[in-house]
Amino acid sequence: CWDCGVERQVPLLHDNRWHKPSCRYHTRPEEVAEPPAWVAACPECKLRRPGMACPFPEDDGYPSSYVARRSQRRRTPQAPDE
């Protein structure tokens, strides 16, 4: 997902609960009636044993935590050349 950084296939194969909580596309788990299900084609479910759904991703602050911050020092204006 371009907004939260989760692998695109995971929420496509499951539902929007698999976006990170800070993502604009995230659906809170308590808003969905059906329980999480193991999906054979899901790359994260493949890492687990059959029948055990992959966990919802934790909010790690992406993208803010991965964006380099600018220096806080002020630049002094230079006089124009004459």
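**Before the views.** Buried means under 20% relative accessible area, exposed means over 50%, and partly exposed covers what lies in between, with a 1.4 Å probe and protein chains only. By that rule Arg17 is buried, with a relative accessible area of 3%. The model shown here is predicted, so local features need pLDDT of at least 70 and side-chain atom pairs count only at pLDDT 80 or more, while totals for chains, interfaces and linings use all residues. Residues are numbered from 1 along each chain as its sequence is written, and side-chain values use heavy atoms, leaving out hydrogens and water.

**View 1. The whole protein, to get your bearings.** The secondary structure comes to one helix and zero strands; helices (H or I, at least four residues) and strands (E, at least two) are DSSP runs, numbered from the N terminus. Of the 82 residues, 20% count as buried. The protein exposes about 6900 Å², and carbon and sulfur atoms supply 49% of that area; accessible areas come from the Shrake-Rupley method with a 1.4 Å probe, and for residues only the protein chains shown count as cover. Contacts (heavy atoms within 4.5 Å) also tell us about the fold: among those between residues at least 6 apart in sequence, 42% join residues at least 24 apart.

**View 2. The largest nonpolar core.** Welcome to the inside of the model. A nonpolar core is a set of buried Ala, Val, Leu, Ile, Met, Phe, Trp, Tyr and Cys residues joined through side-chain atoms within 4.5 Å. The largest one here has five residues: Val10, Trp18, Cys42, Cys45 and Cys54. Take Cys42 as your guide: leaving aside neighbours within four places in sequence, Cys42 is in contact with Val10, Leu13, His14 and Cys54.

View 3. Ala41 and Gln9 are 32 residues apart in sequence, and 8.8 Å apart in space from C-alpha to C-alpha. Not counting residues up to four places away in sequence, Val39 is in contact with Leu13, His14 and Cys45, and Ala41 touches Leu13 and Lys46.

View 4. Arg17 sits in the segment after α1. Arg17 forms a salt bridge with Asp15, the closest N and O atoms being 2.8 Å apart; a salt bridge is a side-chain nitrogen of Lys or Arg within 4 Å of a carboxyl oxygen of Asp or Glu. The two side chains are also joined by a polar contact of 2.8 Å. That term stands for a pair of N or O atoms within 3.5 Å; within protein, one must be able to donate a hydrogen and the other to accept it, and residues adjacent in sequence count only if both atoms are side-chain atoms. Beyond four places in sequence, the contacts of Arg17 include His26, Thr27, Arg28, Val32, Glu34, Phe56 and Pro57.

**View 5. A link between Asp3 and Arg24.** The structure holds four salt bridges. In one of them, Arg24 pairs with Asp3, with the closest N and O atoms 3.2 Å apart. Arg24 lies in the segment after α1 (9–13) and Asp3 in the segment before α1, so the pair ties together parts that are 21 residues apart in sequence. Arg24 is exposed, with a relative accessible area of 57%, whereas Asp3 counts as buried at 14%.

**View 6. A salt-bridge network around Arg28.** The side chains of Arg28 and Glu30 meet in a salt bridge of 2.7 Å, N to O. Salt bridges that share partners join Arg28, Glu30 and Glu31 into one network. Arg28 counts as partly exposed at 44% relative accessibility, and Glu30 as exposed at 58%.

**View 7. Trp2 and Tyr25, ring to ring.** The structure holds two aromatic pairs. The rings of Trp2 and Tyr25 have their centres 6.2 Å apart and their planes at 70 degrees, so the pair is edge-to-face. Rings of Phe, Tyr and Trp (its six-membered ring) pair if their centres lie within 6.5 Å; planes under 30 degrees apart count as stacked, over 60 as edge-to-face and the rest as tilted. The Trp2 and Tyr25 pair links distant parts of the chain, with Trp2 in the segment before α1 and Tyr25 in the segment after α1, 23 residues apart. Trp2 counts as exposed at 61% relative accessibility, and Tyr25 is partly exposed at 36%.
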